[in-house]
Amino acid sequence: MPLARRAFLTSVAGAAGTVACSHAPAHSDGTPAKEAPVTEAVAAAATRAARRLLPRHWRQLRFEATGEPDTFRVSGETGRITITGDTAATQLTGLRWYLKHVTHANISWAGEQLDLPKDLPGPPGTVTRQAGVPHRFALNDTNDGYTGAYNDWTYWERELDVLALHGYNEVLVYAGADALYHRVFRGFGYTDEELRQWIAGPAHQPWWLMQNLAAFPDPVSRQLLDARAALGRRITDRVRELGMTPVFPGYFGTVPPGFADRNKGARTVPQGTWMGLGRPDWLDPRTEHFARVAAAFYRAQDAMFGGPSTLYKMDLLHEGGDPGDVPVADAAKGVEKALLTAHPDAVWVILGWQRNPPRAIVDAVDKSHMLVIDGLSDRFPKVTDRESDWGDTPYAFGSIWNFGGHTTLGANTPDWAALFNKWRTKPGSTLRGVALLPEAADNNPAAFDLFSELAWEDGELDLTAWFREWALARYGARDPHAEAAWDILRRTAYGTTRADSWSEGADGLFGARPSLTAKSAAKWSPKQLRYDADEFEPALGELLRVRASLRNSSAYRSDLLDVARQAVSNRSRVLLPRVRKTYEAGDAPGFDRATGNWLALMDVLETLLATDSRHLLGRWVADARAWGADAAERDRLAYDNLSLLTVWGTRQGADAGLRDYANREWAGLVGGLYRLRWSTYFTELRAATAGNRAPEAIDWFALEERWTRRPGNLATRPIGDTYEAAVRVRELLVTTR
């Protein structure tokens with residue numbers, strides 16, 4: 001990819017909430033009004049972020065707040081690099097371009113490679129880039145559940161820096177929404193205790209905010225609400241400091257039980273249940289009571305989070321919500337009226353998912369105040385004309401490449417390369433952004449980086465060249481084996497398309513509830529691999545042959561682990577039919593060999609995963625426990641977080657398909673619950689064969705629930721060497737062919 005490309009000539013409307021610091025208003029005498037303090041603050045914010053990201057080199061970087069909106073410029077000489085842009089986030093996007101193309105370095109969601117020279121080299125000339133779309137939205141509604149409800153400020157500080165570095169300017173902020181609802185409804189007749197019993201635990205709160213459930217699994221404490229409110233405010237302040245826009249939850253009618261009984265004349269619509277869990281009631285948006293609650297909601301939100309935003313996320317009647325006798329169009333008008341009364345410049349952000357948003361909503365509102373973030377752009381081949389689907393409502397091209405935080409590698413990158421620019425530039429296009437929407441973050445770094453670049457590239461991407469340059473920046477130098485590995489991955493895991501109506505890769509069967517006919521671990525995941533596993537597997541050998549001097553970075557170790565893990569995971573789909581064949585043939589020795597191979601692969605996978613802190617279940621549980629004030633609360637929070645990955649909710653919901661929805665190949669899960677299930681199952685099948693009887697039914701939910709409440713000791717620190725563990729994986733894959 002050439003170092004210098006022409007900047008976009010396309011006229012780009014300013015993104016909602018963008019701070020154009022280089023064009024401050026002037027006094028009547030022509031002197032700038034507060035321009036210097038504002039621009040200095042912007043540059044200072046970028047400098048602080050650079051110091052956090054590049055502690056040994058940040059002094060060689062000079063940031064300046066100037067230029068057109070959404071445009072960065074990189075120039076300079078050895079040891080003095082100048083990066084300009086209108087916001088700190090735009091400047092950091094320029095820094096990422098410099099790191100990738102000039103120094104061949106990489107900072108991403110998973111791993112980094114920063115083998116930089118003492119003196120940073122200057123770029124060969126001045127390079128300018130302008131974003132082709134104003135909206136660059138990040139994070140799914142489910143992020144605070146599946147990425148980690150109990151992440152602390154250390155995590156969020158890094159996450160926001162990385163998002164800014166990758167060009168995003170709009171970030172969903174849900175932390176603290178529980179405290180917001182608590183404050184609002186104290187003013188409508190509810191006690192502190194009643195509200196804390198109604199609010200869901202942090203790991204399950206995304207679905208409470210989407211009106212799917214409430215009061216699960218345990219009441220929240222006041223100290224927890226206060227701590228989450230403080231974190232939400234801190235996140236919001238940093239988002240703004242970086243020149244990005246916080247995307248807040250808007251108010252669309254969720255109320256606690258008995259609202260109409262406590263507020264005379266109020267009209268609510270019962271929402272029934274979802275997956276065995278009671279849904280919150282819905283307050284009729286046409287009514288004066290709705291207007292009063294919404295006004296209180298936005299006032300409290302402004303006070304708690306440092307003022308209003310310009311972007312508010314809301315999805316009416318999510319996944320089966322019942323409007324009752326309320327016309328959906330009228331409801332949408334009521335929701336919009338309340339939002340614009342509080343914040344006249346606000347934009348209603350709504351998810352494009354399943355049948356959402358229906359034409360009844362988009363045709364009822366002012367489209368200049370709505371943005372659809374499309375979760376299906378790369379999912380279904382029938383999606384071809386979003387202008388027609390949504391009546392010319394502005395929308396963002398989005399991708400959900402994982403569901404539930406599955407550790408699966410891959411994405412439909414050919415669709416991104418072929419469709420995004422085509423849709424953006426077609427006559428009458430209303431494509432105004434990109435939307436980064438995996439249900440959990442911090443995985444699939446190649447997908448993250450590639451998707452992030454869509455908004456900043458002029459024309460269709462050459463994927464062959466992109467993955468070659470990715471290997472260079474990811475490991476710091478050219479290496480034929482690194483390039484070969486990533487070319488294999490480009491053609492396999494990252495070469496899938498929406499032709500089969502999927503956007504994520506198939507999960508592995510080790511995480512499935514045991515069955516000889518299992519096709520996936522999660523109910524709503526692909527039932528077969530979307531590429532040839534035999535073509536994928538040589539990528540592991542190529543990565544192992546990358547020269548030793550390039551193996552020292554966390555980026556290399558992360559990629560090696562992921563490819564080795566994926567190779568083992570793929571093998572589960574080969575071995576399970578062998579287990580079934582020997583069992584159905586009554587071949588006890590063959591059954592023992594096949595199940596022995598299965599469990600051996602699980603054990604070697606556990607050993608591999610234990611070498612990396614990001615793949616430790618113990619970390620996930622410890623993060624939750626750290627928020628508790630006493631032993632009882634720590635236990636409740638640990639269950640809240642862990643149950644999301646295992647049973648998810650009630651027995652009814654688990655058996656309906658929620659269990660293992662968020663399965664992932666992590667140490668502690670593979671060697672814990674997953675191995676326990678499969679060894680229990682194999683033992684029963686073996687006993688049934690020996691006794692010439694049918695196998696007895698196993699109460700899987702009871703086993704899963706017991707383990708989730710008492711998982712035993714879980715490691716919180718990595719052990720072992722990733723490279724050595726990956727070598728062992730390759731050896732075992734050969735012997736179990």
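Q: What makes a space a pocket, and what is its volume?
A: A pocket is an open set of grid points with protein on both sides within 12 Å along at least five of seven lines. Its volume is the space filled by probe spheres set on the points. This model is predicted. In it, the second largest pocket has a volume of about 550 Å³.

Q: Which residues lie nearest the centre of the second largest pocket?
A: They are E319, W353, Q354, E439 and Y661. In total, 23 residues line this pocket. A lining residue has an atom within 4 Å of a point.

Q: How do the residues of that lining divide into nonpolar, polar and charged?
A: In the second largest pocket, 15 are nonpolar, four are polar and four are charged. Trp and Tyr count as nonpolar and Glu as charged.

Q: What is the volume of the largest pocket, and what lines it?
A: The largest pocket holds about 1000 Å³ of space. Its lining has 49 residues. W109, Y155, D442, R614 and R619 lie nearest its centre. The lining divides into 15 nonpolar, 18 polar and 16 charged residues.

Q: Which helix gives the most to the lining of the largest pocket?
A: Helix α4 does, with seven residues. At least two residues each come from α1 (35–53), α4 (153–165), α20 (554–584) and α22 (617–625).

Q: Why is D178 called buried?
A: Buried means under 20% relative accessible area. D178 has 1%, so D178 is buried. This residue is found in helix α5 (residues 177–186). Leaving out residues up to four places away in sequence, D178 touches I199, Q205, W208, L225 and R228.

Q: What makes the link between D192 and H182 a polar contact?
A: The cut-off for a pair of N or O atoms is 3.5 Å. The side chains of D192 and H182 are joined at 2.8 Å. That value is within the cut-off, so the term polar contact applies.

Q: Where is D192, and which residues does D192 touch?
A: D192 is found in helix α6 (residues 192–198). Not counting residues up to four places away in sequence, D192 touches H182, R186 and R222. D192 and R222 are 30 residues apart along the chain, and their C-alpha atoms are separated by 8.4 Å.

Q: Are W678 and Y681 buried or exposed?
A: W678 is at 0% relative accessibility, so W678 counts as buried. Y681 has a relative accessible area of 13%, so Y681 is buried too.

Q: How many aromatic pairs does a search of the whole structure find?
A: The search finds 54.

Q: What is the phi of M275, and of N692?
A: Most residues other than glycine have a negative phi. M275 has a positive phi of about 50 degrees. Phi of N692 is positive too, near 55 degrees. M275 is in the loop between β12 (273–274) and β13 (277–278). N692 is in the loop between α25 (669–690) and α26 (700–709).

Q: Which omega goes with the cis bond from F216 to P217?
A: Omega is near -5 degrees. P217 is in the loop between α7 (205–209) and α8 (222–241). The bond from N356 to P357 is also cis, with omega near -10 degrees.

Terms used:
Residues are numbered from 1 along each chain as its sequence is written. This is a predicted model: local features need pLDDT of at least 70, side-chain atom pairs count only at pLDDT 80 or more; totals for chains, interfaces and linings use all residues. Side-chain values use heavy atoms; hydrogens and water are left out. Helices (H or I, at least four residues) and strands (E, at least two) are DSSP runs, numbered from the N terminus. Buried means under 20% relative accessible area, exposed over 50%, partly exposed in between (1.4 Å probe, protein chains only). Contact means heavy atoms within 4.5 Å. A polar contact is a pair of N or O atoms within 3.5 Å; within protein, one must be able to donate a hydrogen and the other to accept it, and residues adjacent in sequence count only if both atoms are side-chain atoms. On a 1 Å grid over the protein atoms alone, a cavity is a set of points where a 1.4 Å probe fits but cannot get out, and a pocket is an open set with protein on both sides within 12 Å along at least five of seven lines; lining residues have an atom within 4 Å of a point. Rings of Phe, Tyr and Trp (its six-membered ring) pair if their centres lie within 6.5 Å; planes under 30 degrees apart count as stacked, over 60 as edge-to-face and the rest as tilted.
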